[in-house]
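Please examine the sequence and the structure shown below before reading on.

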Amino acid sequence: MSLLRPISTAFAVIVTFGFAWIRLAPSYEKDWHVDPKDATAAAGRYVVGSQGHVPPLRLSGTPTEILSDLDRIAMATPQTERLAGSPAEGRITYITRTKVFGFPDYTTVAAERGGDGTLLYVFARLRFGRDDMGVNRRRVRAWLAELQRD
């Protein structure tokens, strides 16, 4: 009897359970709904903030108005759901999953009064792996471009 078949079967089972874990792993608010102002840029992360890739965005409007507009944009993104927060709270965290395998990325946005406008902070990061191949950067930039068009 060949060992190839049992090894192939075991490998398939392990891979299946791995992808099931990625798709079904719980996301706890306490772990992911963090203040984006404290975030730092690193591999697999895209940060709009004082220690990020770009400084916080200064926008006109109240924090609640800015976050309401951004919430509408984020919730229109495929495979995106709200994990925690609200515009009224001043901070929202979203989970956006890849289409095929369901890898989760977490994006937290926060807004606060800053001078004569509102400062917007964003912290987008992956959960599994080391490199997101620029996915978080592209998504955040698309959201911010649409927000600034409104």
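**From overall fold to single residues**

The protein contains 4 helices and 6 strands. The model is a predicted one. Read from the N terminus, the order of its elements is α-α-β-β-α-β-β-β-β-α. Along the principal axes, the C-alpha atoms occupy a box of roughly 75 × 30 × 25 Å. The protein has 150 residues, and 40% of them count as buried.

Ala10 is placed in helix α1, which covers residues 4-24. With a relative accessibility of 38%, Ala10 counts as partly exposed, because that category lies between the limits of 20% for buried and 50% for exposed. From Ala10 to Ala84 the separation is 74 residues in sequence and 38 Å in space, taken from C-alpha to C-alpha. A second pair begins with Glu65, a residue of helix α3. Glu65 is partly exposed, since its relative accessible area is 47%. Between the C-alpha atoms of Glu65 and Thr98 there are 29 Å, while the two residues stand 33 residues apart along the chain.

The next topic is the pairing of charges. Side chains of opposite charge can pair when their charged atoms come close. In this model the count of salt bridges comes to 4. One of them joins Lys30 and Asp31, whose closest N and O atoms are 3.2 Å apart. The two partners fall into separate categories of exposure: Lys30 is exposed, with a relative accessible area of 68%, and Asp31 counts as partly exposed at 39% relative accessibility.

Another salt bridge is formed by the side chains of Glu112 and Lys37, with 2.8 Å from N to O. Glu112 belongs to strand β5, whereas Lys37 lies in the loop between α2 (29-32) and β1 (45-48), so this pair ties together parts that are 75 residues apart in sequence. Glu112 is partly exposed, its relative accessible area being 27%. Lys37 is also partly exposed, with a relative accessible area of 28%.

Asp105 and Arg139 likewise meet through their side chains in a salt bridge, at 3.8 Å from N to O. This pair links distant parts of the chain, with Asp105 in strand β5 and Arg139 in helix α4, 34 residues apart. Are these two residues buried or exposed? Asp105 counts as buried because its relative accessibility is 7%, and Arg139 counts as buried because its relative accessibility is 10%. Both values fall under the 20% limit for a buried residue.

The surface also carries nonpolar side chains. Phe11, Val15, Phe19, Val100 and Phe101 make a nonpolar surface patch of about 490 Å². Among these residues, Phe101 is found in the loop between β4 (91-97) and β5 (104-114). Phe101 counts as partly exposed because its relative accessibility is 43%.

Attention may now turn to the open spaces of the model. Rolling a probe the size of a water molecule over the atoms shows where empty space is left. The largest pocket has a volume of about 220 Å³. It is lined by 13 residues, of which Thr98, Phe103, Asp131, Asp132 and Met133 are the closest to its centre. What kinds of residue make up the lining of the largest pocket? The lining divides into 6 nonpolar, 2 polar and 5 charged residues.

Most residues other than glycine have a negative phi, and most peptide bonds are trans. Met133, although not a glycine, has a positive phi of about 55°. It lies in the loop between β6 (117-126) and α4 (135-149). Met133 is exposed, because its relative accessible area is 66%, and the limit for exposed residues is over 50%.

Gln79 is another residue with a positive phi that is not glycine, and its value is near 60°. Its place is in the loop between α3 (63-75) and β3 (80-86). Gln79 counts as partly exposed, since its relative accessible area is 42%.

Technical notes. Residues are numbered from 1 along each chain as its sequence is written. This is a predicted model: local features need pLDDT of at least 70, side-chain atom pairs count only at pLDDT 80 or more; totals for chains, interfaces and linings use all residues. Side-chain values use heavy atoms; hydrogens and water are left out. On a 1 Å grid over the protein atoms alone, a cavity is a set of points where a 1.4 Å probe fits but cannot get out, and a pocket is an open set with protein on both sides within 12 Å along at least five of seven lines; lining residues have an atom within 4 Å of a point. Grid points are joined across faces, edges and corners, and a volume is the space filled by probe spheres set on the points. Ala, Val, Leu, Ile, Met, Phe, Trp, Tyr, Cys and Pro count as nonpolar, Asp, Glu, Lys and Arg as charged, and the others, Gly among them, as polar. Patches are made of residues with over 30% relative accessible area and no salt bridge: like charges are joined within 9 Å, nonpolar side chains (Val, Leu, Ile, Met, Phe, Trp, Tyr) within 5 Å. Accessible areas come from the Shrake-Rupley method with a 1.4 Å probe; for residues, only the protein chains shown count as cover. Helices (H or I, at least four residues) and strands (E, at least two) are DSSP runs, numbered from the N terminus. Buried means under 20% relative accessible area, exposed over 50%, partly exposed in between (1.4 Å probe, protein chains only).
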